[in-house]
Amino acid sequence: MRDDWPAQRSCAGYDLPRETGVVGLWCVGDAVKKYGNGGTQACAETAKIVTDAILAARPRRSAGRV
Ligand SMILES: Cc1cc2nc3c(=O)[nH]c(=O)nc-3n(C[C@H](O)[C@H](O)[C@H](O)COP(=O)(O)OP(=O)(O)OC[C@H]3O[C@@H](n4cnc5c(N)ncnc54)[C@H](O)[C@@H]3O)c2cc1C
């Protein structure tokens with residue numbers, strides 16, 4: 001919460017993408033939320049979405065390997 005920044009960092013429906021085009025760099029937070037969400041709940045959700053995407057993109061280890 002800085003100065004006169006609005007409660008929602010972007011209006012619903014006008015959020016930016018979470019992908020940046022830079023490998024390994026993602027956006028999370030209230031400005032990249034899913035439609036209908038907002039506030040700190042949206043921040044947590046976008047972090048989960050990005051984390052899931054990162055984990056899903058990782059190569060799977062074969063069974064038995066550490
Ligand atoms: C008055 C008010 C009341 C609110 N009440 C609630 C509530 O009751 N419940 C709720 O869930 N949400 C509430 N919110 C919304 C909530 O505060 C925001 O959704 C949340 O803080 C957004 O988090 P964020 O990480 O996306 O962005 P931010 O918390 O804004 O984090 C962005 C950070 O980036 C920094 N930054 C910006 N530009 C640069 C730059 N060029 N270089 C480096 N750093 C930069 C900023 O200083 C800031 O620290 C409220 C907001 C306001 C303003």
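A polar contact is a pair of N or O atoms within 3.5 Å; within protein, one atom must be able to donate a hydrogen and the other to accept it, and residues adjacent in sequence count only if both atoms are side-chain atoms. The structure is a predicted model, in which local features need pLDDT of at least 70, side-chain atom pairs count only at pLDDT 80 or more, and totals for chains, interfaces and linings use all residues. Residues are numbered from 1 along each chain as its sequence is written, and side-chain values use heavy atoms, with hydrogens and water left out.

**Figure 1. Overall form of the protein chain.** Along the principal axes, the C-alpha atoms fill a box of roughly 55 × 25 × 20 Å. Of the 66 residues, 15% count as buried (buried means under 20% relative accessible area, exposed over 50%, and partly exposed in between, with a 1.4 Å probe and protein chains only). Among contacts between residues at least 6 apart in sequence, 19% join residues at least 24 apart, a contact being heavy atoms within 4.5 Å.

**Figure 2. Surroundings of T46.** T46 belongs to helix 1, which spans residues 39–57. Its relative accessible area is 0%, so T46 counts as buried. A polar atom of the T46 side chain lies 2.8 Å from the backbone nitrogen of G29. A polar atom of that side chain also lies 2.9 Å from the backbone oxygen of C43. Leaving aside neighbours within four places in sequence, T46 is in contact with R18, V28, G29, V32 and K33.

**Figure 3. Surroundings of D30.** D30 is located in the segment before helix 1. With a relative accessibility of 7%, D30 counts as buried. The D30 side chain reaches two backbone nitrogens, that of R9 at 2.5 Å and that of G39 at 2.7 Å. When neighbours within four places in sequence are left aside, the contacts of D30 include A7, Q8, S10 and D15, as well as G38, A42 and C43.

**Figure 4. R9 in the segment before helix 1.** R9 lies in the segment before helix 1. Its relative accessibility is 36%, and R9 counts as partly exposed. The backbone nitrogen of R9 is reached by the side chain of D30. R9 and V22 are 13 residues apart along the chain, and their C-alpha atoms are separated by 22 Å.

**Figure 5. Surroundings of K34.** K34 is placed in the segment before helix 1. At 43% relative accessibility, K34 counts as partly exposed. Not counting residues up to four places away in sequence, K34 touches R18, E45 and I49. R18 is also among the contacts of T46.

Technical notes: Helices (H or I, at least four residues) and strands (E, at least two) are DSSP runs, numbered from the N terminus.
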